[in-house]
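Open the model in your viewer and keep the sequence panel beside it. The stops below tell you what to select next and what is there.

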Amino acid sequence: MYWLQVYAFYQPVAFGPGNEIRLTPIGSTIPEVIVADEVEGIDAESSPLRFRACFSTPLSQAMLSETYQIYDNPVPLNGPGWFACYRAPEIGAALEKGEALAFLSEQGIHPGVDRVVAVFPDGRAFAWHQLQPGAEGNP
C-alpha cells in the first residue's frame, strides 16, 4: 500500500511546447509562458493536487511582481520524498518570511484547483496545485 501511495501513480511531466510554465499577467485571465530552465516535474492522474515542479528562471522577483498576479495565501503541498528538488516546508517558510514570492500560474487548471508558482531571489522556482479559496471548505 505504501508503495502505491508514494510511487505508483506519479509520472514525469514533459514541459514542451503547449505545456510550458506560465504566469497570469496583472489585469488578465490568460496565462503567458515565462522563461523557465531545467524544469523537472511530476503529476498523477489520481488527483489534481499531485502536480509538483522545480525550475529556475532568470526573471527577477521585481519584474515578476510588476507584471504578474501575486497569489494570496499560497500553501505548498508536500510532495513525495523521492522528488528531491521540491521541499514544501522550505518553500512555505520562505513564503512566510517574504523571501519567496508566489504568483498565480493558471487559475482553474482543474475545477476548483489553481497552479501556483513560488520564485526565490536567486531564480529557483517551484510550482504546485492548490485548492482555490472557498473550494471544498478551503478558506
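**Stop 1**

Select R124: at 39% relative accessibility it counts as partly exposed, a class between buried (under 20% relative accessible area) and exposed (over 50%), with a 1.4 Å probe and protein chains only. This is a predicted model, in which local features need pLDDT of at least 70 and side-chain atom pairs count only at pLDDT 80 or more, while totals for chains, interfaces and linings use all residues. Residues are numbered from 1 along each chain as its sequence is written, and side-chain values use heavy atoms, leaving out hydrogens and water.

The side chains of D122 and R124 meet in a salt bridge, 2.8 Å from N to O; the term stands for a side-chain nitrogen of Lys or Arg within 4 Å of a carboxyl oxygen of Asp or Glu. D122 counts as exposed because its relative accessibility is 55%.

Next select G123. In the hairpin of β7 and β8, which has 4 residues between the strands, G123 takes a positive phi near 95°.

**Stop 1: strand β8 and the sheet**

Select residues 124-131, which make up strand β8. Strands (E, at least two residues) and helices (H or I, at least four) are DSSP runs, numbered from the N terminus. Is β8 enclosed or open to the outside? Of its 8 residues, 6 are buried, so β8 is largely enclosed by the rest of the structure.

Show the neighbours on either side. Strand β7 (residues 113-119) runs antiparallel to β8 and is joined to it by 7 bridges; two strands count as paired if DSSP finds at least two bridges between them. Bridge partners to pick out include V113 with L131 and R115 with H129. Strand β5 (residues 52-56) also pairs with β8 in the antiparallel sense, over 5 bridges, and A53 has A127 as its bridge partner there.

Zoom out to see an open sheet of 6 strands in the order β1-β4-β5-β8-β7-β6, with antiparallel pairing. The edge strands are β1 (11-12) and β6 (101-110), each pairing on one side only.

Then select residues 88-97. This is helix α3, which lies across β6, β7 and β8 and runs at about 95° to β8. The angle is taken between N-to-C directions, from 0 to 180 degrees, with axes fitted to C-alpha atoms, for helices over the stretch in contact (heavy atoms within 4.5 Å).

**Stop 2: R52**

Select R52, in strand β5.

Now show L49: its backbone oxygen lies 2.7 Å from a polar atom of the R52 side chain. Leaving aside neighbours within four places in sequence, R52 is in contact with residues including E40, F83, Y86, A127 and W128.

**Stop 3: a salt-bridge network**

Last, select E20, R22 and E106, which are linked in a network of salt bridges. The closest N and O atoms are 3.6 Å apart for E20 and R22, and 3.4 Å apart for E106 and R22. E106 lies in strand β6 and R22 in strand β2 (residues 22-23), so the pair ties together parts that are 84 residues apart in sequence. Both E106 and R22 are buried, whereas E20, at 22% relative accessibility, counts as partly exposed.

Methods: A polar contact is a pair of N or O atoms within 3.5 Å; within protein, one must be able to donate a hydrogen and the other to accept it, and residues adjacent in sequence count only if both atoms are side-chain atoms.
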